[in-house]
Amino acid sequence: MSDEKKGCAVMNQALTWLKVSDDWTIGSYQNKLPRMCYAAVALVLVLIIL
């Protein structure tokens, strides 16, 4: 498998993982957001802190 195809496969797996919505509840709030939202918020916070 070429390096380019490996890179595409890894990127597809990462995007699939980020699109998953975890099933958790805190009090009356039930999570409906995908992991990508939390990753984007974390990235913005890191950029603000730096």
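# Briefing on a predicted model

Asn31 counts as buried because its relative accessibility is 5%, and buried means under 20%. The model is predicted, with a mean pLDDT of 90 for the chain.

**Confidence**

- In this chain, 94% of the residues reach a pLDDT of 70 or more.
- Among the elements of the chain, the highest mean pLDDT, 95, belongs to helix α2 (residues 35-49).
- The lowest mean pLDDT among the elements, 86, belongs to helix α1 (residues 3-18).

**Around Asn31**

- A polar atom of the Asn31 side chain lies 3.1 Å from the backbone nitrogen of Leu33.
- Leaving aside residues up to four places away in sequence, Asn31 touches Ser21, Asp22, Trp24 and Tyr38.

**Around Arg35**

- The structure holds 1 salt bridge, and Arg35 forms a salt bridge with Asp22.
- In this pair, the closest N and O atoms are 2.8 Å apart.
- The pair links distant parts of the chain, with Arg35 in helix α2 and Asp22 in the loop between α1 and β1 (25-26), 13 residues apart.
- The Arg35 side chain also reaches the backbone oxygen of Trp17, at a distance of 3.3 Å.
- Leaving aside residues up to four places away in sequence, Arg35 touches Trp17, Leu18, Val20 and Asp22.

**Exposure**

- Asp22 has a relative accessibility of 28%, so Asp22 counts as partly exposed; this class lies between the buried limit of 20% and the exposed limit of 50%.
- Gln13, which is found in helix α1, counts as exposed because its relative accessibility is 57%, and exposed means over 50%.

**Surface patch**

- A nonpolar patch on the surface is formed by Val41, Val44, Leu45, Ile48 and Ile49.
- Together these residues have about 530 Å² of accessible area.
- One of the patch residues, Val41, has its place in helix α2.

**A distance across the model**

- From C-alpha to C-alpha, Gln13 and Val46 are 24 Å apart in space.
- In sequence, Gln13 and Val46 are 33 residues apart.

Key: Residues are numbered from 1 along each chain as its sequence is written. This is a predicted model: local features need pLDDT of at least 70, side-chain atom pairs count only at pLDDT 80 or more; totals for chains, interfaces and linings use all residues. Side-chain values use heavy atoms; hydrogens and water are left out. pLDDT is the predictor's confidence in each residue, from 0 to 100. Helices (H or I, at least four residues) and strands (E, at least two) are DSSP runs, numbered from the N terminus. A polar contact is a pair of N or O atoms within 3.5 Å; within protein, one must be able to donate a hydrogen and the other to accept it, and residues adjacent in sequence count only if both atoms are side-chain atoms. Contact means heavy atoms within 4.5 Å. A salt bridge is a side-chain nitrogen of Lys or Arg within 4 Å of a carboxyl oxygen of Asp or Glu. Buried means under 20% relative accessible area, exposed over 50%, partly exposed in between (1.4 Å probe, protein chains only). Patches are made of residues with over 30% relative accessible area and no salt bridge: like charges are joined within 9 Å, nonpolar side chains (Val, Leu, Ile, Met, Phe, Trp, Tyr) within 5 Å. Accessible areas come from the Shrake-Rupley method with a 1.4 Å probe; for residues, only the protein chains shown count as cover.
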